[in-house]
Amino acid sequence: VELQCSRSNGPWSPCRMGIQKVGRQWWIEMGKERIRFEHDGSGHVRMRTGAHAAWTSVEPNWAGNQVLCWGSICARGAFPLD
């Protein structure tokens with residue numbers, strides 16, 4: 001899925017979202033970096049910014065019309081949420 005992403009309120013740039021399991025596991029590619037996300041079904045989301053990095057809990061929140069954020073990473077566009 002083609003989106004636009006921003007990190008830490010920085011500028012928006014093109015990014016891609018890939019879905020492994022809809023609503024459960026997905027990733028976002030920003031440049032050459034792949035950020036992985038997992039949702040446990042109860043509202044808890046965790047994020048990993050590198051293949052060997054530790055998972056960290058992030059708070060998902062809607063930050064505007066079609067803008068969804070997980071911690072410091074925000075994406076905007078048409079999301080396949082279900």
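Throughout these legends, "buried" means under 20% relative accessible area, "exposed" over 50% and "partly exposed" in between, using a 1.4 Å probe and protein chains only. We're looking at a predicted model, where local features need pLDDT of at least 70, side-chain atom pairs count only at pLDDT 80 or more, and totals for chains, interfaces and linings use all residues. Residues are numbered from 1 along each chain as its sequence is written, and side-chain values use heavy atoms, with hydrogens and water left out.

View 1. A disulfide here is a pair of cysteine sulfur atoms within 2.5 Å.

**View 2. The C5–C15 disulfide.** C5 pairs up with C15, again with S to S at 1.9 Å. This link is right-handed, with 65° about the S-S bond. Since C5 sits in strand β1 and C15 in strand β2 (residues 13-21), the pair ties together parts that are ten residues apart in sequence. (Strands are DSSP E runs of at least two residues and helices H or I runs of at least four, numbered from the N terminus.) C5 has a relative accessible area of 0%, so it counts as buried; C15, at 3%, is buried as well. The count comes to two disulfides, and with bonded cysteines counted along the chain the pattern reads 1-2, 3-4.

**View 3. S6 and its surroundings.** S6 belongs to strand β1, residues 2-7, and counts as buried at 4% relative accessibility. A polar atom of the S6 side chain lies 2.6 Å from the backbone oxygen of G10. Skip the neighbours within four places in sequence, and S6 is in contact (heavy atoms within 4.5 Å) with P11, W12, M30, S72, I73 and C74.

**View 4. The largest nonpolar core.** A nonpolar core is a set of buried Ala, Val, Leu, Ile, Met, Phe, Trp, Tyr and Cys residues joined through side-chain atoms within 4.5 Å. The largest one has 17 residues, and M17, I28, M30, F37, W70, A75 and F79 have the most contacts inside it. Among the elements giving two or more residues are β1, β2, β4 (33-39) and β9 (73-76). Strand β3 supplies the largest share, three residues.

**View 5. Around F79.** Leaving out residues up to four places away in sequence, F79 touches L3, M17, W62, Q66, L68 and W70.

Definitions and conventions:
A polar contact is a pair of N or O atoms within 3.5 Å; within protein, one must be able to donate a hydrogen and the other to accept it, and residues adjacent in sequence count only if both atoms are side-chain atoms.
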